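The following paragraphs lead the reader through selected parts of one structure. Please keep the sequence and the model in view while reading.

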Amino acid sequence: MTAPIKPRLLPITSPASALRPLLLGMLLGASLGAAQASPEKAAKFYEDALQRFEKGDLSGASIQLKNTIQEDKQMLAAHLLLGKVLFKSGELKGAEAAFEEAVRRGVNRSEVAIPMAQLYLQQGERKKLLEQINTTGLGPSQQAELLTLRGTAYAQSGNNTLAAKSFADAKALDPRSALPLMAEAQMQLRAGERDKARATAMRATELAPTLGLAWYTLGAIQQATQDSKAALASQEKALSINPNQVDARVSHAALLMSMGRQKEAEEDLAMLAAAKQDDPRASYIRAQLASQRGDDAAAKKSFTEATSMIDVMPPGLLIGNEPLLLAGALSHKALGNNEKARAYLDILIALNPRHHTAQVLLATILLDTRDYGKAQPLLENLLRAKPDDPHVLYLLGSVHLARKHYSQASDAFEKSAQRNNSPDAVRELGFSQLGMGQDKAGLNNLEKAFADNPKDTRAGVQLAMIYAREGQSARALQTAQTIVKQDPSNLTMLNFLGNIKGRIGDKAGAREAFSQVLAKDPAFRPAGINLSWLDIEEKKFDPARIRLKQMLTRVKDDPDVLFELGVLELRAGKPAEAMIHWQRAEDVQRADPRPGLAMIDLLSSQKQLDKALATAKLLVAKHPSKLPVQLALGRAYLAVGDSTNARLSFQEATRLAEFDAEKQVMIGRLQLMTGNPDGAAYNVQKALQARPDDQAALVLQVEVEARRGDNAKLDAGLKLLNSKYPGTLPTLMTSANVAMMRGQVPQAVTAYRAAMDKAPNTGTALLLARALIVSGDTNRALSLLEDWSKKNAEDRTLLKALAEVQFQAGKTEAARASYNKLLAAEPDDADTLSGFASLQQRMGDPAAVATAEKALKLSPGNPELSDQLGWLLVLNGKAEAGLRHLREARLRNPGSGEIRFHLAYALAKAGRKAEAREELTAALNAPASVQPSAELARLKSELGL
């Protein structure tokens with residue numbers, strides 16, 4: 001008897017994710033699938049490609065994989081294997097594109113982590129490697145290899161401390177691997193630790209005596225230590241193992257040339273040319289040999305070949321690569337290109353100009369053009385020479401403030417203000433203090449700066465906005481009026497006065513101010529937009545639409561007007577027209593992310609998650625330093641199940657949010673959703689630095705320690721929360737969740753009931769029902785949900801929960817009725833269809849497969865739905881048909897033991913025993929391990945496990 005489909009139950013293990021199964025359909029919907037493919041034909045092409053790849057027929061494998069993708073563009077395994085084939089063939093850009101396409105379509109990043117890391121290193125993209133590739137989901141030996149690659153990237157970036165740590169971690173994970181030793185030896189050599197480098201490289205050859213790269217590494221270190229004889233022997237050993245190893249061949253040629261054995265060196269170079277291995281170092285050696293022969297034409301040709309190859313290399317590949325930098329500089333010098341030669345040498349020696357006035361002027365220009373990366377070190381060098389220069393301090397503070405380094409900015413502005421008592425420095429000090437969360441001190445300095453100089457609109461505008469935000473309406477209005485009195489003809493400030501009136505609730509006054517501006521200048525765009533916004537708020541869509549379109553006749557494709565038109569059409573119930581306006585607004589400018597953010601929100605609400613992610617990626621490329629954009633990208637990754645990249649986006653958002661407590665808490669919760677409690681803990685730390693008693697941060701602190709499993713810190717956090725905010729709803733819910741996590745079910749039920757009494761809502765009702773189920777009182781849970789459902793008949797989340805509990809309680813007919821009611825209201829909800837398919841399977845309804853197929857079509861990137869459909873097909877005797885879906889599910893979620901067991905089962909049915917054994921082994925060791933069953937036991941016995 002085959003294993004039944006398991007019902008989708010309310011979770012009982014993680015309070016933080018209690019609502020996730022119930023909300024899955026709402027959160028993870030996707031667009032409809034692509035055009036009709038031919039899975040059967042594609043599967044045959046793929047299997048042939050796989051066999052060719054295993055035999056080393058890379059060309060044939062590539063052709064068959066392209067045939068596979070032509071037949072079925074959605075087959076994840078084909079995209080992944082194509083990347084491996086192209087990488088092994090040396091087609092790095094093509095391999096990168098194939099791997100990225102595989103990931104874009106849903107392959108888990110752990111599947112491509114190592115080859116992508118190797119690609120990034122070979123292409124000089126170390127920053128991308130360090131930011132995007134981590135060890136999540138890898139086994140110990142793979143982790144060691146990836147840590148070695150990361151260590152190499154750190155070392156090449158000049159961060160030897162982190163490099164050493166990566167190498168040490170790699171050696172601890174895989175003590176028999178030579179790879180971390182080889183990389184560490186190269187780092188030690190660059191750091192001048194020659195004896196250590198030689199000893200480390202020797203240990204690598206002892207561990208891996210048949211690895212050519214280990215001997216090449218030892219030879220390179222021996223050559224650098226001027227032990228040419230030993231170096232030559234090592235390189236010859238490397239070449240005896242692998243005659244096609246380019247680095248060893250080039251090094252061997254250079255050694256021979258340095259020893260006066262030109263003819264033998266030319267033989268090495270001829271072998272490289274015959275193998276069509278173009279290397280700039282080889283071209284440089286050829287040029288040197290030609291020069292020694294007096295053949296200036298041949299030397300010039302080879303020098304030119306060297307520079308033409310080096311000049312087109314990415315800067316990242318050159319930085320830290322001394323042989324290439326030196327070859328480039330020497331070749332350009334030989335050709336008379338001194339400026340270009342100097343550029344390469346500048347990377348190494350970092351020349352430091354000494355003229356103080358010129359440096360200050362340069363720093364000012366760099367600041368004006370927002371080139372903060374060059375301005376900051378230049379100013380810091382100037383400050384070392386003149387620590388008390390108030391102007392340099394002010395400029396350095398401005399750089400830090402622009403980069404949101406608020407603490408450093410505050411320090412610089414405070415010193416500048418002390419030295420010349422400048423109101424400008426006091427104002428900027430206020431801004432930096434506000435950024436640090438020191439609201440009182442920041443406000444005091446802004447007030448001081450504005451009092452000293454009432455014409456300082458920068459200080460006045462910020463003050464008025466702060467007052468309005470804090471509910472100090474009279475002071476906000478007075479400050480805005482003071483600014484306007486300084487220059488009554490300034491339409492910008494009159495428009496700002498209208499904004500302040502709107503913020504404090506005086507809509508009529510705001511309309512009057514905007515109308516005054518337009519009476520003076522009908523073409524003043526901000527006032528026209530603001531007046532239209534008031535119309536939109538009051539649902540006066542027609543006059544707003546007419547005004548905005550008239551504005552477009554004056555300035556065609558005005559992005560701000562287009563954005564407001566999009567907002568108008570969305571509010572008017574016309575999302576398609578809204579999207580057209582926002583897309584146009586996005587296309588015609590690169591300064592404002594609002595149109596892109598609006599498109600992401602709309603696509604997400606329409607469950608077009610792949611399109612939302614693609615839009616978010618384009619937007620973050622335009623606005624990498626804007627917090628809302630990074631958050632949108634992280635949420636888009638999270639929505640498609642890519643927790644690794646979501647985590648990276650939220651880490652960047654954490655940096656951008658600085659000391660904004662509310663934003664840090666929000667980011668921390670997002671980090672928990674990605675499975676990153678350490679990241680969330682850092683968000684808590686930053687939030688509490690700004691607001692030590694912030695309740696939301698204290699709640700998050702408890703949740704973080706619960707996720708980490710640190711009971712002592714958890715108890716301390718819970719005690720602190722209860723002492724500061726006793727009996728409040730957040731405290732009750734947090735206490736209940738912790739009790740539930742600890743298996744203290746009666747206490748959890750009591751706390752949830754208290755929360756329900758204080759503020760009854762569906763979320764609390766669901767958590768209380770879950771606690772009742774865990775306590776064994778399913779009937780009371782059902783009664784609770786049924787009663788609450790009667791009071792909230794339109795609440796579909798509640799109805800989903802009711803259907804699942806009915807299913808769990810064995811009340812299949814009642815569950816069917818609930819699912820039918822849900823599907824009548826939302827026939828295209830993938831999560832509902834998936835739950836219904838499970839119910840149909842239990843009831844023996846043959847329509848289960850069709851229901852699961854529909855669910856997957858609605859959410860094609862969902863690994864759980866791919867697994868469900870594949871498993872149903874297998875259970876119905878269609879192993880070959882199910883195999884394709886199970887392969888895709890496994891690639892999207894390789895950490896699921898259940899998915900890998902299903903795939904192993906199907907592979908065994910299809911006769912692929914070796915692959916089945918590999919998958920079943922992985923299933924048994926997966927982070928989310930497979931549950932014991934008779935089918936699992938039989939398969940283990942069949943496969944000899």
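In this predicted model, R647 is found in helix 38, which covers residues 643-657. The relative accessibility of R647 is 17%. Because burial is assigned under 20% relative accessible area, R647 counts as buried. Which residues touch R647, once the neighbours within four places in sequence are set aside? The contacts of R647 are then T136, Q671, T674, G675 and N676.

Attention now turns to the aromatic rings. The model contains seven aromatic pairs by the rule applied here. One of these pairs joins W871 to Y905 in an edge-to-face arrangement, with 5.1 Å from centre to centre and 80° between the planes. This pair links distant parts of the chain, since W871 belongs to helix 51 (residues 863-875) and Y905 to helix 53 (residues 897-909), 34 residues apart. Both W871 and Y905 are buried.

Y905 also pairs with F901, and this pair too is edge-to-face, with the centres 6.2 Å apart and 75° between the planes. F901 and Y905 are four residues apart in helix 53, which means that about one helical turn separates them. F901 has a relative accessible area of 2% and is therefore buried; for Y905 the relative accessibility is 13%, so that Y905 counts as buried as well. Taken together, W871, F901 and Y905 make up one aromatic cluster.

The last topic is the packing of two helices. Such an arrangement is described by the angle between the two axes and the distance between them. The crossing of helix 46 past helix 47 is left-handed.

Which residues meet where helix 46 touches helix 47? From helix 46 come T778, L782, L785, E786, W788 and S789, and from helix 47 come L798, A801, L802, V805 and Q806. Sorted by class, the residues in this contact between helix 46 and helix 47 are seven nonpolar, three polar and one charged.

Notes:
Residues are numbered from 1 along each chain as its sequence is written. This is a predicted model: local features need pLDDT of at least 70, side-chain atom pairs count only at pLDDT 80 or more; totals for chains, interfaces and linings use all residues. Side-chain values use heavy atoms; hydrogens and water are left out. Helices (H or I, at least four residues) and strands (E, at least two) are DSSP runs, numbered from the N terminus. Buried means under 20% relative accessible area, exposed over 50%, partly exposed in between (1.4 Å probe, protein chains only). Contact means heavy atoms within 4.5 Å. Rings of Phe, Tyr and Trp (its six-membered ring) pair if their centres lie within 6.5 Å; planes under 30 degrees apart count as stacked, over 60 as edge-to-face and the rest as tilted. A crossing is left-handed if the near helix is turned anticlockwise from the far one by less than a right angle, and right-handed if clockwise. Ala, Val, Leu, Ile, Met, Phe, Trp, Tyr, Cys and Pro count as nonpolar, Asp, Glu, Lys and Arg as charged, and the others, Gly among them, as polar.
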